[in-house]
Each structure stands twice: as structure tokens, then as C-alpha cells.
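User: I've got a new structure to go through today. Can you walk me through it in short steps?

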Amino acid sequence: MHGMIGPIFGGVVGLIGISWVIFNFIKGRRLAIEAECALDTTFTVTCTKCKNTYEVAPRDFLKISNFKIQKNKYVRKGFIGYNTPLALQRFCPCPYCKRDELATFQDVDKVAAMDKEVALPIFIKYAAIGLLPPIIIMKILTKLF
């Protein structure tokens with residue numbers, strides 16, 4: 001019975017560590033989206049349904065309803081192994097269709113630059129906050145037990 005205390009304690013600490021990592025991942029993602037939504041910039045998009053071109057701000061396409069699929073879809077063309085995205089598609093509020101429709105971004109480089117400059121530093125900060133304490137605690141515990 002006495003030999004079971006170490007593994008049980010390690011399991012509890014591991015579960016708390018995983019919860020801490022998940023909490024900081026969600027918090028970092030939320031703060032990164034809020035920072036991008038606060039930017040005063042626009043992107044040119046074309047609705048895939050009505051084919052009209054219009055401007056959207058980051059807050060328009062980042063705060064879409066959770067019922068829509070929010071995964072970025074990169075459209076690739078060309079030879080096998082050609083990984084350069086030619087277009088980014090996301091759900092955006094179309095002023096012509098009067099609802100959220102899949103739209104193709106015309107300036108993919110501008111979106112990538114915004115993510116790199118604004119969201120990535122926030123996400124890296126919270127990833128470090130989430131990962132370092134559990135790693136340090138587990139390192140200390142492995143030396144004790």
C-alpha cells in the first residue's frame with residue numbers, strides 16, 4: 001500500500017498539469033483572437049456563393065457563430081508537394097447573401113502577417129506559461145520519487 005502513494009500522487013499531479021496546459025491553450029487562443037479583432041484593418045474577400053467581392057474586418061470573420069466550421073481552409077493548386085496557399089477560405093458575413101458564407105480571401109499574405117505579428121506572440125507566451133510549470137514540477141517529482 002505504501003508503494004502506491006507515489007504513482008497515485010504522480011497521476012494527480014499529471015492530471016492537474018494537463019488541465020493547466022489546456023486552460024492556458026484556451027486562454028491564449030481567446031486573447032489572440034481578441035487582439036486580432038481589435039485591429040483596424042480590412043481584407044478583401046469574394047463570396048463563394050454569389051461571387052461578389054467585399055471588405056471584412058478581423059472581428060467579422062473571427063467572431064462567427066460556433067455552429068459554423070471555423071477551420072481555415074487553404075486551397076492549393078499545382079504540382080504534388082506544392083504547399084504555397086493560393087487562397088484562404090473562411091466563413092464571413094456576406095452583405096449580398098445576408099448571411100455567413102464561405103469567402104475566399106484575396107490577400108492571404110496580409111492575413112498570415114497579421115497572425116504572425118499579433119496572435120503568435122500571445123500564443124507563444126501562454127504556451128510557455130502552460131508548459132513550463134508542469135515540466136518543472138514533474139522534473140522535481142521524478143527526483144523525489
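User: Let's start with Arg30 and Glu34. Where do both lie, and how many residues apart?

Analyst: Arg30 and Glu34 are both in helix H1, four residues apart, which is about one turn of the helix. Helices (H or I, at least four residues) and strands (E, at least two) are DSSP runs, numbered from the N terminus. One caution first: this is a predicted model, where local features need pLDDT of at least 70, side-chain atom pairs count only at pLDDT 80 or more, and totals for chains, interfaces and linings use all residues. Residues are numbered from 1 along each chain as its sequence is written, and side-chain values use heavy atoms, with hydrogens and water left out.

User: What does Arg30 form with Glu34?

Analyst: A salt bridge, with the closest N and O atoms 3.2 Å apart. The term means a side-chain nitrogen of Lys or Arg within 4 Å of a carboxyl oxygen of Asp or Glu.

User: How many salt bridges does a search of the whole structure find?

Analyst: Two. Arg99 and Glu101 form one of them, and their closest N and O atoms are 2.4 Å apart. Arg99 is partly exposed at 46%. Glu101 is buried at 10%.

User: New topic: rings. How many aromatic pairs are there?

Analyst: The count is four. Rings of Phe, Tyr and Trp (its six-membered ring) pair if their centres lie within 6.5 Å; planes under 30 degrees apart are stacked, over 60 edge-to-face, and the rest tilted. One of the pairs is Phe25 with Phe123, which is edge-to-face, with 5.3 Å between centres and 80° between planes.

User: Which parts does that pair tie together?

Analyst: Phe25 lies in helix H1 (residues 5–37) and Phe123 in helix H3 (residues 108–144), so the pair ties together parts that are 98 residues apart in sequence. Phe25 is partly exposed at 44%. Phe123 is also partly exposed, at 31%.

User: Which residues make the nonpolar surface patch?

Analyst: Ile18, Ile22, Phe25, Ile26 and Phe123 make a patch of about 470 Å². H1 gives the largest share, four residues. Patch members have over 30% relative accessible area and no salt bridge; like charges are joined within 9 Å, nonpolar side chains (Val, Leu, Ile, Met, Phe, Trp, Tyr) within 5 Å. The areas come from the Shrake-Rupley method with a 1.4 Å probe, and for residues only the protein chains shown count as cover.

User: And Phe43? What sits over its ring?

Analyst: The charged end of Lys110, 5.2 Å from the ring centre. To count, NZ of Lys or CZ of Arg must be within 6 Å of the ring centre and within 35 degrees of the ring normal.

User: On to the strands. In what sense do S1 and S2 pair?

Analyst: Antiparallel, over four bridges. Two strands pair if DSSP finds at least two bridges between them. Thr44 stands opposite Glu55 in S2. S1 also pairs with S5 in the antiparallel sense, over three bridges. There, Cys47 has Ala103 of S5 as its bridge partner.

User: Why is S1 largely enclosed by the rest of the structure?

Analyst: Four of its five residues are buried, so S1 is largely enclosed.

User: What's in the turn between S1 and S2?

Analyst: S1 and S2 form a hairpin with five residues between them, and Lys51 is in the turn. Lys51 has a positive phi of about 65°, although it is not a glycine. Lys51 is exposed, at 57%.

User: Where is Lys98, and what is its phi?

Analyst: Lys98 is in the loop between strand S4 (87–94) and strand S5 (99–105). Its phi is positive, about 65°, and Lys98 is not a glycine. Lys98 is exposed, at 69%.

User: Last one: how far apart are Val108 and Thr44?

Analyst: They are 64 residues apart in sequence and 9.6 Å apart in space, C-alpha to C-alpha. Val108 is in helix H3. Val108 is buried, at 10%.

Note on methods. Buried < 20%, exposed > 50% of the residue type's maximum accessible area, 1.4 Å probe, protein only.
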